[in-house]
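This briefing is meant for a reader who is meeting the structure for the first time. Please look over the sequence and the model before turning to the points below.

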Amino acid sequence: VSQFAAAGSPIRVEAGLSAALEAQLPPGTHRVAVITDSNVGPLHAAAVCDGLRQADPVLLTMPAGEAHKTRETWAALSDQLLDAGLGRDSLIVALGGGVVGDVAGFVAATYLRGIPVIQVPTSLVAMIDAAIGGKTGLDVPAGKNLVGAFHPPTLVAIDPPLLATLPADELRSGLAEAIKHGVIRDAAYFASLAEQGALLTQPSAAGSAAMQALIERSVAIKCAVVSADPREAGERKILNFGHTLGHAIEAESAYALRHGEAVAIGMVLEAALGEALGVTESGTAAAIAALLSRVGLPTSTGFDADRLLARTRSDKKKAAGRVEYALPAGIGHFAQWSRAVPDADVLAVLAAYRG
Ligand SMILES: NC(=O)c1ccc[n+]([C@@H]2O[C@H](COP(=O)([O-])OP(=O)(O)OC[C@H]3O[C@@H](n4cnc5c(N)ncnc54)[C@H](O)[C@@H]3O)[C@@H](O)[C@H]2O)c1
Ligand SMILES: [Zn+2]
């Protein structure tokens, strides 16, 4: 058992934990609703509900996929909780990837003005990123994640063997965030990921000691960063490395690229941008690209440079009209997390790396 904490939430990493949640319920919890999606539910909900028998769990299933991370899904789930008569002494278990975590977390944040949530992440993205830090939210027509709340979970229960059923492309998408953690904070971690390379994407990796170690290292890094800056006033922005251009690439692909795939390309481009600006040690972009290739992630894009630049500008979360980049000093060290970069520099890098 390994324990961590972020923004006041305990995080446990332990095989089998998802099937033994009863012992983790806060005193005074009378009812539990397990919220999952249509892929994860049939695979894992029975074991989770079995482990919560005394709390008479209600199982609610939303359709899988980012397209359902909406107000409509939030409304339907909230109404189902009201119909089931769950009161303020209830708790929500969010069982799924980042989509379920964000939606179920936001349902918990708003139901009867807020009830506790236990996050049980089932994708690698959710285990090392989405479930940690207390952000919840929905996508709306104006953009992704624009409606939401900070609602730190009572517990993040990470059960690594749940990854055994995760499709390989989804696992790879999570590895992009693990690689990001190495770049922003930990050169030794980056080196160990490079050493293990493609082994991490094998189906047998799910329950392995190497995967458990990866999850623990990434969780520790995200916790350290989030705890230093829970509301993202400054340093937490280093987690956005690869994401300014990554989000633009993800949107430009019309979401045909997974988030982690787009962020992989974004990390190479943003490291190259840092090199061009003299912020980042030369060779950093090449080292990141080499590791990404080893685990089967993309490193370049054929998208039009002007269109990508325009996408970075329309990102609703940018501060006062500035497009900001989080730029590493090199592998394992951070330099600047809110650097405004002139368009000409961005365009030059996009042109040089157009694959
Ligand atoms: N709140 C945050 O801080 C934060 C951080 C990062 C990402 N996110 C959000 O997380 C989402 C991406 O998360 P994701 O990549 O987990 O997406 P996801 O929840 O859509 O899961 C990916 C796919 O894998 C399936 N799946 C998940 N676990 C499985 C398992 N064990 N076995 C079989 N199938 C499984 C899902 O049903 C889905 O089809 C995005 O909406 C993103 O905005 C939030
Ligand atoms: Zn990300």
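The points that follow cover the aromatic pairs and then the metal site.

The model is a predicted one. A search of the whole structure finds 2 aromatic pairs, and a zinc ion (ligand 2) is coordinated by Glu-177, His-243 and His-259.

**Trp-74 and Phe-106**

- The ring centres of Trp-74 and Phe-106 lie 6.1 Å apart with their planes at 40°, so this pair is tilted.
- Because Trp-74 belongs to helix α2 (residues 71-83) and Phe-106 to helix α3 (residues 98-110), the pair ties together parts that are 32 residues apart in sequence.
- Trp-74 counts as partly exposed, at 27% relative accessibility, whereas Phe-106 is buried, with a relative accessible area of 10%.

**Phe-241 and Phe-334**

- The rings of Phe-241 and Phe-334 have centres 6.4 Å apart and planes at 75°, and because edge-to-face pairs are those with planes over 60 degrees apart, this pair is edge-to-face.
- Phe-241 counts as buried, at 0% relative accessibility.

**The zinc site**

- The zinc ion (ligand 2) is held at 2.0 to 2.1 Å by Glu-177 through OE and by His-243 and His-259 through NE2, and these donors follow the spacing E-x65-H-x15-H along the chain.
- Glu-177 lies in helix α5 (residues 168-185) and His-243 in helix α8, so the two tie together parts that are 66 residues apart in sequence.
- Both Glu-177 and His-243 are buried.

Terms used. Residues numbered from 1 in each chain as written. Chains lettered and ligands numbered in written order. Predicted model: local features only at pLDDT ≥ 70, side-chain atom pairs only at ≥ 80, totals over all residues. Heavy atoms only, no water. Phe/Tyr/Trp six-rings, centres within 6.5 Å; stacked < 30°, edge-to-face > 60°. Helix = DSSP H or I, 4+ residues; strand = E, 2+ residues; numbered from the N terminus. Buried < 20%, exposed > 50% of the residue type's maximum accessible area, 1.4 Å probe, protein only. Donors = N, O, S within 2.8 Å, 3.2 Å for Na, K, Ca; no water.
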